[in-house]
Amino acid sequence: MRKFYGILFAIFMIFLFLEILIGFPISLEHEPFQLPNSSDEKSKTAENQKEANGSSTTQLETEQKMQGVHLVESRAGDRDWELFAESAENSQGKGAWQLQNVKVLFYNNDKVDFTVTGKRGNIDSGSKNMKIEGNVVTRSSNGYTFQSNSVSYFSTRRLIRSPEAIRMVGPADERGKGLILTGAEMEANVDSNVMTIKENVTASKQLNDGKKFQIQSGSAEFSGKNHSARFIDDVSIDVGSIKMQGPEAQFDYRGEVDILQSVTVKGGVKVSDVDKFATSDTVKFDPEQNKFIFNGRPRVVQNNDEITGEQIVFIDGGKKVKVEKIRAKVEKQ
């Protein structure tokens with residue numbers, strides 16, 4: 001008899017376990033899965049249609065709902081991206097899944113290069129293209145943060161793109177806040193780890209002497225591997241009373257401390273100050289020493305006097321001028 005009750009108890013526990021397992025929603029937080037493609041979903045819908053025996057279309061197109069979604073996509077054996085969402089919904093026969101509270105990690109050589117978060121999104125189960133909307137934040141692994149209304153991911157090109165106004169905050173250094181920048185749109189190439197901001201680019205950064213460093217250009221490129229940056233197309237830079245203008249400007253940082261070491265404007269540069277005007281092929285600005293170094297046919301005009309040489313240096317923000325192998329042309333009185 002005791003053995004008989006033991007068997008009954010065991011059967012009861014098995015049924016209780018199955019009831020709990022079936023009754024609770026499936027959690028995918030720790031077990032990633034692959035989205036079915038649109039053709040699979042259509043075949044399932046056809047099968048359901050046969051079984052429905054005259055049920056309405058609305059009943060047939062029932063929504064698939066999941067909580068705690070975790071997706072992983074691979075490419076050539078390596079992780080392409082990893083997606084987390086609070087929930088996902090899909091009507092059978094449709095290829096796009098609607099996501100809520102989304103976070104996507106984009107990988108390059110098995111390391112996370114970019115992280116994108118947003119309130120909602122959708123992913124096409126066939127192409128694996130995505131769109132994320134609502135307070136979208138894109139972060140690079142080396143500290144650049146981009147804020148926008150939406151971003152799209154194009155799987156074939158591995159391209160993250162925001163076609164709307166963008167605001168970027170660069171990584172802070174030991175002197176304070178990083179570069180703050182705005183532009184019309186942004187692209188981030190996952191393979192090359194390069195971020196490009198296009199059209200109406202404006203940026204500013206506070207220097208250690210209290211001066212504000214301001215930049216305007218047609219576009220700008222930032223590296224996700226280090227903190228080097230390049231501004232392109234009608235570049236204009238204001239440092240105190242000095243304005244530099246040229247086709248391109250390269251920003252270089254020193255070592256691991258991420259301090260702005262130099263800004264080099266090249267391609268034919270014009271520099272103006274309150275009382276002088278200068279031109280050269282290149283100008284290198286050293287923010288730590290507050291000096292400007294002119295190379296490549298440098299020429300300075302001050303008070304109607306023209307000075308040329310092999311190299312011209314503005315010292316202390318232009319208060320002093322040093323000329324190597326001077327050649328002066330003084331206007332006769």
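Q: Where does K128 lie?
A: In this predicted model, K128 lies in the loop between β4 (111-124) and β5 (130-140).

Q: Why is K128 called buried?
A: K128 has a relative accessibility of 13%. Buried means under 20%, so K128 counts as buried.

Q: What makes the phi of K128 worth a remark?
A: Most residues other than glycine have a negative phi. K128 is not a glycine, yet its phi is positive, about 65 degrees. N193 is also not a glycine and has a positive phi, of about 60 degrees. N193 is found in the loop between β10 (185-189) and β11 (194-206). With a relative accessible area of 4%, under the 20% limit, N193 is buried.

Q: Why is the pair of F106 and Y153 called tilted?
A: A pair of aromatic rings is described by the distance of the centres and the angle of the planes. The ring centres of F106 and Y153 are 4.6 Å apart, and the limit for a pair is 6.5 Å. Their planes stand at 45 degrees. Stacked needs under 30 degrees and edge-to-face over 60, so this pair is tilted.

Q: Which parts of the chain does the pair of F106 and Y153 link?
A: The pair links distant parts: F106 is in strand β3 (residues 96-108) and Y153 is in strand β6 (residues 145-154), 47 residues apart.

Q: How do you know whether F106 and Y153 are buried or exposed?
A: F106 has 1% relative accessibility and Y153 has 2%. Both values are set against the limit of 20%, so F106 counts as buried and Y153 counts as buried.

Q: What makes the pair of F285 and F292 stacked?
A: Their planes are 25 degrees apart, and stacked means under 30. F285 is buried at 1% relative accessibility, and F292 is buried with a relative accessible area of 1%.

Q: Which aromatic cluster do F285 and F292 belong to?
A: F285 and F292 form one cluster with Y144, F213, F222, F231 and F251. The count of aromatic pairs comes to eight.

Q: Which residues touch the most other members of the largest nonpolar core?
A: That core has 61 residues, and F106, F222, F231 and I237 touch the most other members. Beyond four places in sequence, F222 touches residues including Y144, M168, L179 and F231.

Q: How do you know that the charged end of R157 sits over the ring of F154?
A: The charged end of R157 is 5.1 Å from the centre of the ring of F154, and the distance limit is 6 Å. For K276 over the ring of F314 the distance is 5.3 Å.

Q: Why is Q100 called partly exposed?
A: Q100 has 39% relative accessibility. Partly exposed lies between the 20% limit for buried and the 50% limit for exposed, so Q100 counts as partly exposed. Q100 lies in strand β3. Beyond four places in sequence, Q100 touches A85, E86, S87, K119 and R120.

Q: Why is A220 called buried?
A: The relative accessible area of A220 is 0%. The limit is 20%, so A220 is buried. A220 lies in strand β12 (residues 212-223), and its contacts beyond four places in sequence include L181, M195 and F231.

Q: What makes the link between D273 and S241 a polar contact?
A: The side chains of D273 and S241 meet at 2.8 Å, and the distance limit is 3.5 Å. D273 is found in the loop between β15 (259-272) and β16 (276-286). D273 is buried, since its relative accessible area is 15% and the limit is 20%.

Q: Where does the pLDDT stay under 50?
A: The pLDDT stays under 50 over residues 16-31. Over residues 38-62 the pLDDT is below 50 too. Where pLDDT is low, the predicted coordinates should not be read in detail. The protein chain averages a pLDDT of 80, and 74% of the residues score at least 70.

Terms used:
Residues numbered from 1 in each chain as written. Heavy atoms only, no water. Phe/Tyr/Trp six-rings, centres within 6.5 Å; stacked < 30°, edge-to-face > 60°. Helix = DSSP H or I, 4+ residues; strand = E, 2+ residues; numbered from the N terminus. Buried < 20%, exposed > 50% of the residue type's maximum accessible area, 1.4 Å probe, protein only. Lys NZ or Arg CZ within 6 Å of the ring centre and 35° of its normal. Core = buried A, V, L, I, M, F, W, Y, C linked by side-chain atoms within 4.5 Å. Contact = heavy atoms within 4.5 Å. pLDDT = per-residue confidence, 0-100. Polar contact = N/O pair within 3.5 Å; in protein donor to acceptor, adjacent residues only side chain to side chain.
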